[in-house]
Amino acid sequence: MSVISIKEVSKIYNPDKIPVKAVDKVDLEIEKGEFTAIVGPSGSGKSTFLNIVGGLDNPSSGAVVIDGVDISTFKESALIDFRLNNIGFVFQSYNLIPVLSSLENVEFIMLMQKIPKEQRHARAIELLKEVGLEKHLDRKPSELSGGQQQRVAVARALASRPKFILADEPTANLDSHSTENLMGMMADINKKEEATFLFATHDQRVIDKARRVVTLEDGRIVKDEKR
Amino acid sequence: MVLLKVAWRNVWRNKTRSGVVVVAVMLGVWSLIFALAFMNGFFKSYLSNAINKDFSHVQIHSKAFLKDGEVGFVLDNFQEIKKALEGDKTIASYSYRLKTNGMIASAKAARGVDILGVDTIREDQLTRVQSDIVEGNFLGGIKRNPIVIGRDLANKLKVKIRSKVVLTFRDKDGELVAASFRVAGIMESVSVKKNELTAYVLDKDVRNLLKLGPEEFHEIALLCKEEETVETLRTALQQISGNNEVASWRTLAPELEVMQSQSKISLGIIVGIIMLALCFGIINTMLMAVLERFKEIGMLMAIGMKKSNVFAMIVYETMMLSIIGGPFGLFLGWASNTALKEKGIDLSSYSDGLDKMGIDSILRPSLEQSDYMFVVFSVMIMAVLAAIFPARRAIKLDPIEALHKI
Ligand SMILES: Nc1ncnc2c1ncn2[C@@H]1O[C@H](COP(=O)(O)OP(=O)(O)O)[C@@H](O)[C@H]1O
Ligand SMILES: [Mg+2]
């Protein structure tokens, strides 16, 4: 069974006025352990698609089946709960709570999942080690570089033991060195932990790391290549 | 717990802004306490003056005397009442009075006047007339027929110490009698009635003129040591009083009770206004804080933070602002009240008008423990109310919109 199974998903903005078909009848299957990039020019529908897959938004039509559960008609509060326990997120920026340290940020999501203190503490340290930040456990986000902040975000996304990790343009604010670093690290984790990654990007260096590249154009999949 | 920690740290992210709110809450609570204590002191002073100088705690009259004021209607059962008063330990002081109204005339003018025939020692113990005397003294220093009148009455009659005045009134049989008196003292009292309408004479002087016998009186006024025992005493006295009416200050001066409740209302309004101002200040600050953290709150909801938790976080932050400032304000209020209680606030530069209203020129702020509790309670209610609006704003954020506006 696929982790993600998207069937005939469409998203139409402004259906009453001038409709914009941001996502147009997309079908996509993502298996466990994939490392897949959604690519395409700006405005091609990548973010809209990822939001729907991530349960941040409902599709106008179609089915979004995550690990056997169709979330396409979930109400807001059910989606919040579903996201917490099934999906890890890495956004372009503003990923972290500014008043909490790296360690506390990673622990915070497990706290929301009501994981016992000792367990979440140990796991947070372990994950931060894995992303190479064991020396910065007590630093606040403002005391970390952009690349380091994104790595904390990856650790945070992994912490909740999600079905997969969504990353919308995770490297858009990073220089090329940090981009290489972050992507290399995500690829390592993907291999080591069999964690499933789905990310949107239009950065060639990121695309190069992907093992499957799905190209969107005007909300439609125009190319789907595995390497 | 962690939510509280996050909220606490969020409060200090913008130190200046939070500091301003904390100080505002502190000043608000302080001014609240001060205003309450000031008004309370104002009213207490008015009330205690009215009781100590005018009404006393309890007055006893013959029912018939109350009805038509004729001097023939003296107190019933006087001997028995006298015995009861002498034996009662809850009583601080009391005075027997002869009372009638008539006319007071000088060479220049004439006025209506309430004539009180008293024993100087007893009356001074009860209403402290001597302390109000500004010229001469309380019915002393004049051999025959001394009289004490108020400053305003003296001015109207254009009389001074030792001036002669003539009192005209009806005796027991309804005959008009007139007698001349000499001004022994002039008083300035917080009681308007005493300044304009009252004349004290010796009971023995007026008794003969009224054709009344010894131990015949119209009025007994008394003060209890504690206000709490007034009603018990009143009931007990009523039982042995036969045809007399024994009334407490609450019946004698219903306007005092009205004033008491009105002062509560005006205090409520003051509290309301200060609270409202604080409330708006806090709402405004927290709305700013929420909008500033648009993306962060959107991110929290995106990764799966429950709306109830987001709501709680903002409520905690808002309440922390109020709860930090509150105790400081309470302390300042308590400290300033305690300091001012000793010295009082000297209002003598405005006291011309206050005198006429029956209020001392030295005002002592006064606040009960229950009033402090009331302030604490209202601040907490206010904090909760102020928290709701920004917290609702926070959970109405659309995470997608918040995360896209980068
Ligand atoms: N909230 C919205 N309301 C209306 N149109 C939107 C909204 N969000 C995105 N769109 C439109 O949908 C299309 C796809 O946008 P988006 O998913 O952000 O693309 P990408 O992430 O590939 O740049 C664009 O034409 C965009 O203008
Ligand atoms: Mg996008």
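User: How many residue pairs are in polar contact between chain A and chain B?

Analyst: In this predicted model, such a pair joins N or O atoms within 3.5 Å, and the count between chain A and chain B is six residue pairs, both partners at pLDDT 80 or more. On the side of chain A that touches chain B, the elements giving two or more residues are α1 (46–53), α2 (76–86) and α3 (102–112) of chain A. By class, that side of chain A has 15 nonpolar, five polar and eight charged residues.

User: What is the count of salt bridges between chain A and chain B?

Analyst: The count is three salt bridges between chain A and chain B, and in one of them the side chains of B:R9 and A:E104 meet at 2.9 Å, N to O.

User: How much area do chain A and chain B bury between them?

Analyst: About 2300 Å² is buried between chain A and chain B, with 69% of it on carbon and sulfur atoms. Within chain A, the residues that lose the most area to chain B are A:I80, A:Y94 and A:V99, together 24% of what that side buries. The contact itself takes 28 residues from chain A and 22 residues from chain B.

User: Which residues have the most contacts inside the largest nonpolar core?

Analyst: In soluble globular proteins, nonpolar side chains tend to be buried together. Here the largest nonpolar core has 126 residues, and those with the most contacts inside it include A:I4, A:F49 and A:F108. Helix α12 (residues 254–292) of chain B gives the most to this core, with eleven residues.

User: Which residues of chain B does A:F108 touch?

Analyst: Leaving aside residues up to four places away in sequence, A:F108 touches B:V2, B:L3, B:V6, B:L300 and B:M305, as well as A:I97 and A:L100.

Technical notes: Residues numbered from 1 in each chain as written. Chains lettered and ligands numbered in written order. Predicted model: local features only at pLDDT ≥ 70, side-chain atom pairs only at ≥ 80, totals over all residues. Heavy atoms only, no water. Contact = heavy atoms within 4.5 Å. Buried area = accessible area lost by both parts, 1.4 Å probe. Salt bridge = Lys/Arg side-chain N within 4 Å of Asp/Glu carboxyl O. Polar contact = N/O pair within 3.5 Å; in protein donor to acceptor, adjacent residues only side chain to side chain. Helix = DSSP H or I, 4+ residues; strand = E, 2+ residues; numbered from the N terminus. Nonpolar A, V, L, I, M, F, W, Y, C, P; charged D, E, K, R; others polar. Core = buried A, V, L, I, M, F, W, Y, C linked by side-chain atoms within 4.5 Å. Buried < 20%, exposed > 50% of the residue type's maximum accessible area, 1.4 Å probe, protein only.
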